Amino acid sequence: MNDPTDRAAFVTGAARGIGRAVALRLAAEGRTVFAADRDLPEPAPGVRPVAVDVTDCEALGAAIAEADDAVPLDVLVNNAGIGFAEPLATMTPERFDLLMAVNVRAVYFGIQAAAAVMAPRGRGSIVNLASTSAFAASGSPMTAYDTSKGAVRMMTTTVARELAPAGLRVNAVAPGTIDTDLTRSIAADQAALDELVARRIPLGRLGVPSDIAAAVAWLASDEAAYVTGQTLVVDGGRLT
Ligand code: NAI
(Lines give C-alpha, C1' and ligand atoms only; values in the text may rest on other atoms or scores of the structure.)
Protein backbone atom coordinates (compact mmCIF):
# COMPACT_ATOMS: atom_id res chain seq x y z
CA MET A 1 0.00 0.00 0.00
CA ASN A 2 2.91 2.37 0.61
CA ASP A 3 4.78 1.75 -2.63
CA PRO A 4 4.56 5.00 -4.61
CA THR A 5 6.70 3.88 -7.56
CA ASP A 6 3.80 3.31 -9.95
CA ARG A 7 2.15 6.60 -9.09
CA ALA A 8 2.68 10.24 -9.84
CA ALA A 9 2.37 13.62 -8.21
CA PHE A 10 1.55 16.92 -9.90
CA VAL A 11 3.17 19.92 -8.19
CA THR A 12 2.45 23.51 -9.22
CA GLY A 13 4.95 26.34 -8.83
CA ALA A 14 7.73 23.75 -8.88
CA ALA A 15 10.49 25.75 -10.58
CA ARG A 16 11.94 27.06 -7.33
CA GLY A 17 11.44 27.55 -3.60
CA ILE A 18 9.03 25.36 -1.70
CA GLY A 19 7.54 23.78 -4.84
CA ARG A 20 10.96 22.67 -6.07
CA ALA A 21 11.75 21.09 -2.69
CA VAL A 22 8.39 19.31 -2.68
CA ALA A 23 8.96 17.98 -6.20
CA LEU A 24 12.44 16.67 -5.36
CA ARG A 25 11.22 15.13 -2.10
CA LEU A 26 8.28 13.29 -3.70
CA ALA A 27 10.54 12.11 -6.54
CA ALA A 28 13.08 10.83 -4.01
CA GLU A 29 10.30 8.69 -2.53
CA GLY A 30 9.92 7.01 -5.91
CA ARG A 31 7.03 8.86 -7.51
CA THR A 32 7.09 10.33 -10.95
CA VAL A 33 6.66 14.05 -10.37
CA PHE A 34 5.12 16.43 -12.90
CA ALA A 35 6.72 19.75 -11.97
CA ALA A 36 4.51 22.50 -13.33
CA ASP A 37 5.37 26.18 -13.47
CA ARG A 38 5.08 29.20 -15.73
CA ASP A 39 8.92 29.15 -15.73
CA LEU A 40 9.85 25.69 -17.00
CA PRO A 41 11.41 23.76 -14.09
CA GLU A 42 14.76 22.09 -14.56
CA PRO A 43 14.51 18.35 -15.02
CA ALA A 44 15.85 16.06 -12.30
CA PRO A 45 15.67 12.28 -11.76
CA GLY A 46 11.97 11.39 -11.64
CA VAL A 47 10.92 14.98 -12.30
CA ARG A 48 9.15 15.86 -15.55
CA PRO A 49 8.87 19.60 -16.26
CA VAL A 50 5.49 20.94 -17.43
CA ALA A 51 5.02 24.52 -18.68
CA VAL A 52 1.72 25.93 -17.46
CA ASP A 53 0.42 29.22 -16.14
CA VAL A 54 -2.04 28.25 -13.42
CA THR A 55 -4.14 31.37 -14.02
CA ASP A 56 -5.27 29.61 -17.22
CA CYS A 57 -7.64 27.10 -15.61
CA GLU A 58 -8.25 25.22 -18.85
CA ALA A 59 -4.55 24.79 -19.48
CA LEU A 60 -4.04 23.67 -15.88
CA GLY A 61 -6.86 21.13 -16.16
CA ALA A 62 -5.50 19.84 -19.47
CA ALA A 63 -1.98 19.51 -18.00
CA ILE A 64 -3.31 17.52 -15.04
CA ALA A 65 -5.35 15.22 -17.31
CA GLU A 66 -2.39 14.73 -19.65
CA ALA A 67 -0.06 13.89 -16.76
CA ASP A 68 -2.58 11.40 -15.43
CA ASP A 69 -2.75 9.71 -18.84
CA ALA A 70 1.02 9.18 -18.70
CA VAL A 71 1.27 8.02 -15.06
CA PRO A 72 -1.79 7.81 -12.74
CA LEU A 73 -1.78 10.71 -10.31
CA ASP A 74 -2.39 10.05 -6.64
CA VAL A 75 -1.03 13.39 -5.37
CA LEU A 76 -1.68 17.02 -6.31
CA VAL A 77 0.23 19.79 -4.55
CA ASN A 78 -1.24 23.25 -5.15
CA ASN A 79 1.86 25.26 -4.32
CA ALA A 80 2.05 28.05 -6.92
CA GLY A 81 1.45 31.33 -5.18
CA ILE A 82 2.34 34.99 -5.39
CA GLY A 83 2.48 37.63 -2.70
CA PHE A 84 3.36 41.25 -2.37
CA ALA A 85 3.20 43.75 0.45
CA GLU A 86 0.61 46.25 -0.70
CA PRO A 87 -1.33 48.64 1.51
CA LEU A 88 -5.08 48.81 0.96
CA ALA A 89 -4.81 52.37 -0.35
CA THR A 90 -2.65 51.48 -3.37
CA MET A 91 -3.99 48.05 -4.37
CA THR A 92 -5.57 47.94 -7.83
CA PRO A 93 -8.40 45.64 -8.92
CA GLU A 94 -6.09 44.12 -11.55
CA ARG A 95 -3.41 43.14 -9.02
CA PHE A 96 -6.04 41.90 -6.60
CA ASP A 97 -7.58 39.70 -9.32
CA LEU A 98 -4.18 38.30 -10.32
CA LEU A 99 -3.40 37.40 -6.73
CA MET A 100 -6.73 35.63 -6.34
CA ALA A 101 -6.37 33.90 -9.72
CA VAL A 102 -3.07 32.31 -8.68
CA ASN A 103 -3.61 31.80 -4.95
CA VAL A 104 -7.31 30.83 -4.89
CA ARG A 105 -8.91 30.15 -8.27
CA ALA A 106 -6.09 27.90 -9.53
CA VAL A 107 -6.22 25.89 -6.30
CA TYR A 108 -9.96 25.37 -6.70
CA PHE A 109 -9.81 24.33 -10.36
CA GLY A 110 -6.66 22.29 -9.81
CA ILE A 111 -8.59 20.31 -7.22
CA GLN A 112 -11.50 19.97 -9.64
CA ALA A 113 -9.23 18.57 -12.37
CA ALA A 114 -7.38 16.22 -10.03
CA ALA A 115 -10.58 14.95 -8.43
CA ALA A 116 -11.96 14.13 -11.87
CA VAL A 117 -9.13 11.67 -12.53
CA MET A 118 -8.59 10.43 -8.96
CA ALA A 119 -12.18 9.83 -7.87
CA PRO A 120 -12.86 6.95 -10.27
CA ARG A 121 -9.88 5.13 -8.69
CA GLY A 122 -11.10 5.98 -5.18
CA ARG A 123 -7.76 7.26 -3.91
CA GLY A 124 -5.74 10.44 -3.91
CA SER A 125 -4.26 13.09 -1.66
CA ILE A 126 -4.32 16.80 -2.35
CA VAL A 127 -2.15 19.25 -0.41
CA ASN A 128 -2.58 23.02 -0.67
CA LEU A 129 -0.14 25.71 0.43
CA ALA A 130 -1.85 28.06 2.84
CA SER A 131 0.16 30.24 5.24
CA THR A 132 0.29 31.28 8.86
CA SER A 133 -1.36 34.42 7.45
CA ALA A 134 -4.53 32.30 7.18
CA PHE A 135 -4.50 32.47 11.01
CA ALA A 136 -2.87 35.80 11.90
CA ALA A 137 -2.16 38.95 9.90
CA SER A 138 1.23 39.26 8.18
CA GLY A 139 3.63 41.79 9.67
CA SER A 140 3.62 43.97 6.53
CA PRO A 141 0.30 45.15 5.13
CA MET A 142 -0.76 42.21 2.98
CA THR A 143 -4.52 42.16 3.32
CA ALA A 144 -5.15 40.73 -0.14
CA TYR A 145 -2.54 37.97 0.29
CA ASP A 146 -3.73 37.11 3.78
CA THR A 147 -7.31 36.97 2.48
CA SER A 148 -6.26 34.58 -0.28
CA LYS A 149 -4.59 32.25 2.22
CA GLY A 150 -7.62 32.39 4.51
CA ALA A 151 -9.62 31.27 1.49
CA VAL A 152 -7.23 28.36 0.87
CA ARG A 153 -7.59 27.26 4.47
CA MET A 154 -11.39 27.29 4.31
CA MET A 155 -11.44 25.70 0.86
CA THR A 156 -9.33 22.86 2.24
CA THR A 157 -11.80 22.24 5.05
CA THR A 158 -14.87 22.34 2.83
CA VAL A 159 -13.63 20.43 -0.18
CA ALA A 160 -12.19 17.73 2.08
CA ARG A 161 -15.72 17.05 3.25
CA GLU A 162 -17.03 17.10 -0.31
CA LEU A 163 -14.41 14.67 -1.62
CA ALA A 164 -14.13 12.29 1.33
CA PRO A 165 -16.89 9.97 0.07
CA ALA A 166 -14.84 9.54 -3.13
CA GLY A 167 -11.85 8.38 -1.08
CA LEU A 168 -9.85 11.55 -1.60
CA ARG A 169 -8.10 13.49 1.18
CA VAL A 170 -7.44 17.24 1.08
CA ASN A 171 -5.14 19.00 3.54
CA ALA A 172 -3.03 22.13 3.66
CA VAL A 173 0.33 23.16 5.05
CA ALA A 174 0.63 26.65 6.54
CA PRO A 175 4.28 27.71 6.41
CA GLY A 176 5.63 30.49 8.61
CA THR A 177 8.51 32.48 7.13
CA ILE A 178 10.50 30.28 4.77
CA ASP A 179 13.74 31.43 3.17
CA THR A 180 12.70 31.69 -0.49
CA ASP A 181 12.66 34.32 -3.25
CA LEU A 182 9.10 35.20 -2.24
CA THR A 183 10.13 35.99 1.34
CA ARG A 184 13.16 37.99 0.22
CA SER A 185 11.06 39.99 -2.23
CA ILE A 186 8.78 41.08 0.63
CA ALA A 187 11.34 41.59 3.43
CA ALA A 188 13.01 44.99 3.49
CA ASP A 189 16.50 43.51 4.00
CA GLN A 190 18.49 40.86 5.88
CA ALA A 191 18.35 42.94 9.07
CA ALA A 192 14.55 42.85 8.96
CA LEU A 193 14.63 39.06 8.65
CA ASP A 194 17.15 38.77 11.50
CA GLU A 195 14.89 40.89 13.69
CA LEU A 196 11.85 38.80 12.76
CA VAL A 197 13.70 35.63 13.75
CA ALA A 198 14.84 37.13 17.05
CA ARG A 199 11.46 38.52 18.03
CA ARG A 200 8.89 36.19 16.51
CA ILE A 201 10.30 32.73 15.80
CA PRO A 202 10.84 30.66 18.96
CA LEU A 203 12.92 28.00 17.17
CA GLY A 204 15.37 30.75 16.24
CA ARG A 205 15.68 30.43 12.48
CA LEU A 206 13.81 30.95 9.23
CA GLY A 207 12.24 27.85 7.78
CA VAL A 208 13.81 26.20 4.76
CA PRO A 209 11.89 24.69 1.84
CA SER A 210 12.70 21.14 2.96
CA ASP A 211 10.88 21.81 6.28
CA ILE A 212 7.71 22.34 4.26
CA ALA A 213 8.41 19.51 1.81
CA ALA A 214 8.58 17.07 4.73
CA ALA A 215 5.12 18.10 5.95
CA VAL A 216 3.66 17.96 2.45
CA ALA A 217 5.18 14.51 1.89
CA TRP A 218 3.65 13.20 5.12
CA LEU A 219 0.19 14.55 4.31
CA ALA A 220 0.48 13.11 0.80
CA SER A 221 1.47 9.69 2.11
CA ASP A 222 -0.61 6.78 3.35
CA GLU A 223 0.81 7.50 6.82
CA ALA A 224 -1.77 10.30 6.90
CA ALA A 225 -4.59 8.03 5.68
CA TYR A 226 -6.97 9.22 8.42
CA VAL A 227 -6.16 12.92 8.13
CA THR A 228 -8.31 15.18 5.96
CA GLY A 229 -9.50 18.78 6.04
CA GLN A 230 -6.57 19.90 8.20
CA THR A 231 -4.16 22.80 7.89
CA LEU A 232 -0.82 21.83 9.42
CA VAL A 233 1.14 24.84 10.68
CA VAL A 234 4.92 24.57 10.12
CA ASP A 235 6.31 27.82 11.46
CA GLY A 236 9.05 27.31 14.05
CA GLY A 237 6.53 28.21 16.73
CA ARG A 238 5.66 31.64 15.35
CA LEU A 239 1.93 31.33 16.04
CA THR A 240 2.49 30.14 19.61
P1 NAI B 1 8.44 31.43 -4.77
O2 NAI B 1 8.03 32.77 -5.29
O3 NAI B 1 9.85 31.19 -4.38
O4 NAI B 1 8.03 30.31 -5.85
C5 NAI B 1 6.73 30.29 -6.38
C6 NAI B 1 6.72 29.53 -7.69
O7 NAI B 1 5.38 29.62 -8.22
C8 NAI B 1 7.67 30.12 -8.74
O9 NAI B 1 8.42 29.09 -9.33
C10 NAI B 1 6.73 30.80 -9.73
O11 NAI B 1 7.22 30.81 -11.07
C12 NAI B 1 5.47 29.93 -9.60
N13 NAI B 1 4.29 30.64 -10.07
C14 NAI B 1 3.86 31.86 -9.68
N15 NAI B 1 2.78 32.21 -10.41
C16 NAI B 1 2.53 31.18 -11.26
C17 NAI B 1 1.57 30.97 -12.26
N18 NAI B 1 0.65 31.89 -12.57
N19 NAI B 1 1.58 29.78 -12.92
C20 NAI B 1 2.51 28.85 -12.63
N21 NAI B 1 3.48 29.01 -11.71
C22 NAI B 1 3.48 30.17 -11.03
O23 NAI B 1 7.43 31.11 -3.56
P24 NAI B 1 7.59 30.15 -2.28
O25 NAI B 1 8.11 30.96 -1.17
O26 NAI B 1 8.29 28.91 -2.68
O27 NAI B 1 6.05 29.86 -1.97
C28 NAI B 1 5.37 28.70 -2.40
C29 NAI B 1 3.98 28.68 -1.78
O30 NAI B 1 4.09 28.71 -0.37
C31 NAI B 1 3.11 29.88 -2.18
O32 NAI B 1 1.76 29.46 -2.31
C33 NAI B 1 3.26 30.80 -1.00
O34 NAI B 1 2.17 31.69 -0.86
C35 NAI B 1 3.32 29.79 0.14
N36 NAI B 1 3.93 30.33 1.35
C37 NAI B 1 5.24 30.73 1.35
C38 NAI B 1 5.80 31.25 2.51
C39 NAI B 1 7.22 31.70 2.58
O40 NAI B 1 7.62 32.17 3.66
N41 NAI B 1 8.02 31.57 1.53
C42 NAI B 1 5.01 31.39 3.74
C43 NAI B 1 3.66 30.92 3.63
C44 NAI B 1 3.16 30.42 2.47
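**Entry 1: helix α1**

I began with α1, which has twelve residues and reaches 17 Å from its first C-alpha to its last, close to the 16 Å expected at 1.5 Å a residue. The model is a predicted one, and I kept that in mind throughout. I then listed the buried residues of α1: I18, G19, R20, A21, V22, A23, L26 and A27. After the helix comes G30, and I noted its positive phi, near 110°.

**Entry 2: the ligand**

I turned to the ligand next. Which residues come nearest to the ligand? There are 30 residues around the ligand, and R16, D37, Y145, I178 and T180 come nearest. I sorted the shell by class and got 13 nonpolar, ten polar and seven charged residues.

A polar backbone atom of N79 is 2.8 Å from a ligand oxygen. For G176, a backbone N or O atom lies 3.3 Å from an oxygen atom of the ligand. With T183 the side chain is involved: one of its N or O atoms is 2.9 Å from a ligand oxygen. I then checked the cover and found that the ligand has 830 Å² of accessible area on its own, of which the protein covers 97%.

Which elements give two or more residues to the shell? They are α1 (17-28), α4 (143-163) and α5 (181-186). The most comes from α5, with three residues.

**Entry 3: I178**

I listed its contacts, leaving aside neighbours within four places in sequence: I18, T183, G207, V208, P209, I212 and V234. I also took the C-alpha separation of I178 and L206, which is 5.6 Å for residues 28 apart along the chain.

**Entry 4: helix α7**

P209 and I212, both contacts of I178, are also among the buried residues of α7. I asked what covers them, and the cover includes α1, β4 (73-78), β5, β6 and β7 (231-234). For the length, the twelve residues of α7 (209-220) should span 16 Å at 1.5 Å a residue, and the end C-alpha atoms are 16 Å apart, so the two values agree.

**Entry 5: helix α4**

I ran the length check on α4 as well. At 1.5 Å a residue its 21 residues should span 30 Å, and because its end C-alpha atoms are 30 Å apart, I recorded agreement. Its buried residues are A144, Y145, D146, S148, K149, V152, M155, T156, V159, A160 and L163. I had in mind that an α-helix has 3.6 residues a turn, so residues three or four places apart point the same way. The buried residues of α4 pack against α3 (93-118), β5 (124-129), β6 (168-175) and α5.

Is S133 buried or exposed? S133 has a relative accessible area of 8%, which means that it is buried, as the cut-off is under 20%. I placed S133 in the loop between β5 and α4. Not counting residues up to four places away in sequence, S133 touches S138, Y145, D146 and K149. Y145, D146 and K149 are also listed among the buried residues of α4.

N128 lies in strand β5. Its relative accessibility is 0%, so N128 counts as buried. Beyond four places in sequence, I found N128 touching N78, V107, I111, V152, T156, V170, N171, A172 and V173. Among these, V152 and T156 are buried residues of α4.

**Entry 6: two partly exposed loop residues**

D56 lies in the loop between β3 (47-51) and α2 (57-70), and is partly exposed at a relative accessible area of 39%. A polar atom of the D56 side chain lies 3.1 Å from the backbone nitrogen of A59. D56 and D74 are 18 residues apart along the chain, and their C-alpha atoms are separated by 22 Å.

T90 is in the loop between β4 and α3. At 45% relative accessibility, T90 counts as partly exposed. Its side chain makes a polar contact of 2.7 Å with the side chain of E86.

Key:
Residues numbered from 1 in each chain as written. Predicted model: local features only at pLDDT ≥ 70, side-chain atom pairs only at ≥ 80, totals over all residues. Heavy atoms only, no water. Near = heavy atom within 4 Å. Polar contact = N/O pair within 3.5 Å; in protein donor to acceptor, adjacent residues only side chain to side chain. Areas by Shrake-Rupley, 256 points an atom, 1.4 Å probe, with all protein chains shown as cover. Helix = DSSP H or I, 4+ residues; strand = E, 2+ residues; numbered from the N terminus. Nonpolar A, V, L, I, M, F, W, Y, C, P; charged D, E, K, R; others polar. Expected span 1.5 Å × (residues − 1). Buried < 20%, exposed > 50% of the residue type's maximum accessible area, 1.4 Å probe, protein only. Contact = heavy atoms within 4.5 Å.
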